[in-house]
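Here is a short briefing on aromatic rings and their partners. Look at the structure first, then read on.

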Amino acid sequence: MLEGLKKAFQILTEKISTTHLSESELKQVLDDFKLQLITSDVSVKTAEHIAELIRPKLAGLRVPRMGNGDEAIKSIYRGALLDVLIEASPDRLFHDILEKNKVRGEPYVALFVGPNGGGKTTTIAKVAYWLKKHGLSSVLSCSDTFRAAAIEQAKNLAGQVGIRAVSQKYGADPAAVAVDAIMSARAGREAVVLIDTAGRSEAKRNLMDEMNKIKRITNPDSVFLVLDSLTGSVAQEQARRFHDDVGVDCVILTKLDSDSRGGLALTVCHEIQRPIIFLGVGQGLDDLLPFRKEFLIERILA
Ligand SMILES: Nc1nc2c(ncn2[C@@H]2O[C@H](COP(=O)(O)OP(=O)(O)OP(=O)(O)O)[C@@H](O)[C@H]2O)c(=O)[nH]1
Ligand SMILES: [Mg+2]
C-alpha cells in the first residue's frame, strides 16, 4: 500500500540529508522528486504544487549532522501533505442525516456516482453496514438498470447487510427507481436512501446526462464520487469530468488495499478541491475506513 509515494519521499530525504545542496542542486533533486510523484499517480499540477510548498522550507533547512534531521524534514513533508489533502468527517455526515430526519422528517438522500467497476455498489453496501453499526437504517435504490446482473448484485448485497432494496426492471428509468426508493424510505421511516447508479464509460446514452437527471429529480443531500485508486491517471480525468458535469460533494477511494502507488488521494483533493470521506480497503462489508489525513500521511512517511 502506497509504496510509490513512500519511495518518492524516502529518496528525497536521502538526497537532502546527506549533503548540503546548492540552489540548482535542490532544483534538480526536486525535479526528480516530482517525476517520482507523477509515476505514483500524482498529477503534474499537484506534484508541482507539493514541490513548491516544500522547496523554500528545504532550502532554509540546516540539516544537523547528528540528531534527528530526518524528523525536521518529515515535518516539512507533513505540512505540505496536510495542506493538500482534504478530509470530510463521517461524524458530520452522521449529524446531517439525523438533522434531515428530525428537522425535516425526511430520509437523507445519498447519490453514488463514478466510472464502471470503480466499486460503487460494493461501497454502498459498506456504507449501509457502517450506518447500521451506528444505528441508522437505510434503503438501497437499484438505479443501475443498465448493466447485466447489476440489480441482483445490489439486492444480494442489501440482503447481506440486512437492508431493503428497491428495484424495477432492467431498462427502467433510474431516476424513477430512485424516487420510488425515497417514497418507500419515507413510508418505512428509514434514515437514508443510498442510490446506486450505472457506471459504463460511454454507450448509447450519455452517462453524465443520466446522472444529472437523477440528481435533478432526487435532489440528493450528498453526491459521493467513487473512484478506483488502481486506475490512477484515468481516475484523475474521471474525477474532473464528474466534478465538472455532475457536481461532487465528497470522494470515496476504493481498492486502497491493492494500491502500490497511492497518489490519487493527493491528486483528487488538489485538482477538484473536494474532501475524501472514506477509503475502501477490501471486498468485505467491514473494509471501509473513515478517511483520516494522518492515517495516510503516517503511512507515506513511515
Ligand atoms: N480489493 C478491493 N476490491 C474492491 C474494493 N471495492 C470494490 N472492490 C471490488 O471491485 C469490483 C467492482 O466493484 P463494484 O462495486 O461492482 O463496482 P461498480 O462501480 O458498482 O461497478 P459497475 O456497477 O459495473 O459500474 C468487485 O469485485 C468488488 O469486490 C476495495 O476497496 N478493495
Ligand atoms: Mg455497480
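F112 has a relative accessibility of 0%, so this residue counts as buried. The cut-off for buried is under 20%. The model is a predicted one. Searching the whole structure turns up four aromatic pairs.

**The pair F112 and F224**
- F224 also falls under the cut-off: its relative accessibility is 3%, so F224 counts as buried.
- The ring centres of F112 and F224 are 4.9 Å apart, and the planes meet at 15°, so this pair is stacked. Stacked calls for planes under 30 degrees apart.
- F112 belongs to strand β1 (residues 108-113), while F224 belongs to strand β5 (residues 222-228).
- The two residues are 112 apart, and their pair links distant parts of the chain.

**The pair F9 and F33**
- A pair of aromatic rings is described by two things: the distance of the centres and the angle of the planes.
- For F9 and F33, the centres are 5.1 Å apart and the planes stand at 70°, so the pair is edge-to-face. Edge-to-face calls for an angle over 60 degrees.
- F9 sits in helix α1 (residues 3-18) and F33 in helix α2 (residues 23-38), so their pair ties together parts 24 residues apart in sequence.
- F9 and F33 are both buried.

**A cluster of rings**
- F9 and F33 also belong to a cluster with Y77, linked by ring pairs.

**A charge over a ring**
- R299 places its charged end over the ring of F295.
- The distance from that charged end to the ring centre of F295 is 3.7 Å.

Conventions: Residues are numbered from 1 along each chain as its sequence is written. Chains are lettered from A and ligands numbered from 1 in the order in which they are written. This is a predicted model: local features need pLDDT of at least 70, side-chain atom pairs count only at pLDDT 80 or more; totals for chains, interfaces and linings use all residues. Side-chain values use heavy atoms; hydrogens and water are left out. Rings of Phe, Tyr and Trp (its six-membered ring) pair if their centres lie within 6.5 Å; planes under 30 degrees apart count as stacked, over 60 as edge-to-face and the rest as tilted. Helices (H or I, at least four residues) and strands (E, at least two) are DSSP runs, numbered from the N terminus. Buried means under 20% relative accessible area, exposed over 50%, partly exposed in between (1.4 Å probe, protein chains only). A charge sits over a ring if NZ of Lys or CZ of Arg is within 6 Å of the ring centre and within 35 degrees of the ring normal.
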